[in-house]
Amino acid sequence: MKLMGKVACVTGGAQGIGAAIATRFAEEGAYVAIADINSDGELERGLVARGLKATTVKMDVASEASVNSAFGVIQEKLGKLDILVNNAGIGTPVASILDTSPEDWERTLRINLTGTLMCTRAALRLMIPCKSGSILNISSNVGKRGVPLRSAYVASKWGMNGLTQTAALEVAQHGIRVNALLPGNVDTPHLTEVVQMHADADGKTFDEFSTMLKSLSPMNRYVELEEIGKVAVFLASDDSSAMTGQLINVSAGWIMY
Ligand code: NAD
């Protein structure tokens, strides 16, 4: 058990990649706070039914008041915070730069990037007095290259990478590590939505676009949710104690730098 005795918060933890990470963390012994704007508590109930430790916390990462209130609940209920996973994110819009409205741009950056900043600030207030902590930002392989029709999303992920390395430099003195996990294409509701929008924009079927996406990987496949969960445990746990400020690709070889 790599995370026994640890308290972890996973934003956007109710479904997709966040749920896979929350599940894996709980299986490794952590008490997991599933922080999501939209959760019916199903994941918490499933984990608790297996004898694992989890609680659901309502959090909108785009609202500083909501973020601060949720971290207050975590502190009150669980007493500390060892691990934060900044995972909550949105994928829209799929549109050219000319067609991307400032409102869509700002909403994407607000949730994906400013949300990461606000959750990091709230977590650091709990971690710095303890002189330890591990923060993991779920960025993307598109944070290392451009992608047509995804300007807002791509910019938000490049921003997350810069924030990861800046935070790592600022908080190393407090015994806190900050790393980023950069998934390739992982089969989640988010990816289904994005593939459909790209297929529509390119005049392709869903399956045609999906096949093309898989072929970007030399392994010719998507990444499995469990494969993200395992690397997240490594980066959050003491197994990666000499790693901070790192941008780790988990993309079945799509990006190699
Ligand atoms: P998803 O849409 O399946 O799940 C996202 C979760 O975040 C949902 O539970 C949703 O309710 C929550 N959420 C959305 N807005 C929120 C907000 N304002 N406050 C709190 N919670 C909020 O997405 P996913 O595919 O699991 O993606 C998770 C993360 O991984 C995102 O940051 C995404 O950019 C990143 N990512 C995904 C892929 C992929 O292929 N799926 C690839 C690279 C990176």
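Visitor: In which helix is glutamate 208 found?
Guide: Glutamate 208 is found in helix H7, residues 206-215. Helices (H or I, at least four residues) and strands (E, at least two) are DSSP runs, numbered from the N terminus. Please note that this is a predicted model: local features need pLDDT of at least 70, side-chain atom pairs count only at pLDDT 80 or more, and totals for chains, interfaces and linings use all residues. Residues are numbered from 1 along each chain as its sequence is written, and side-chain values use heavy atoms, with hydrogens and water left out.

Visitor: Is glutamate 208 buried, partly exposed or exposed?
Guide: Glutamate 208 is partly exposed, because its relative accessible area is 45%. Buried means under 20% relative accessible area, exposed means over 50%, and partly exposed lies in between (1.4 Å probe, protein chains only).

Visitor: And what separates the C-alpha atoms of glutamate 208 and glycine 133?
Guide: They are separated by 43 Å, and the two residues are 75 apart along the chain. For another pair, serine 241 and isoleucine 176, the residues are 65 apart along the chain and the C-alpha atoms are separated by 9.8 Å.

Visitor: Where does serine 241 lie?
Guide: Serine 241 lies in the loop between H8 and S7. Serine 241 is exposed, because its relative accessible area is 53%.

Visitor: What about serine 237, where is that found?
Guide: Serine 237 is found in the loop between helix H8 (225-236) and strand S7 (247-250). Serine 237 has a relative accessible area of 3%, so it is buried.

Visitor: Which residues is serine 237 in contact with?
Guide: Leaving aside neighbours within four places in sequence, serine 237 is in contact with Lys2, Leu3 and Arg177. Contact means heavy atoms within 4.5 Å.

Visitor: Changing topic: how many residues surround the ligand?
Guide: The ligand is surrounded by 27 residues, and the closest are Ile17, Asp36, Tyr153, Val186 and Thr188. A residue is near a molecule or strand if one of its heavy atoms lies within 4 Å of it.

Visitor: What classes are in that shell around the ligand?
Guide: The shell has 12 nonpolar, 12 polar and 3 charged residues. Here Ala, Val, Leu, Ile, Met, Phe, Trp, Tyr, Cys and Pro count as nonpolar, Asp, Glu, Lys and Arg as charged, and the others, Gly among them, as polar.

Visitor: Which polar side-chain atom lies 2.9 Å from a ligand nitrogen?
Guide: That atom belongs to aspartate 60. A backbone N or O atom of methionine 59 lies 3.4 Å from a nitrogen atom of the ligand. On the side chain of threonine 188, an N or O atom is 2.5 Å from an oxygen atom of the ligand.

Visitor: How much of the ligand does the protein cover?
Guide: The protein covers 93% of the 830 Å² of accessible area that the ligand has on its own. Accessible areas come from the Shrake-Rupley method with a 1.4 Å probe; for residues, only the protein chains shown count as cover.

Notes: Polar contact = N/O pair within 3.5 Å; in protein donor to acceptor, adjacent residues only side chain to side chain.
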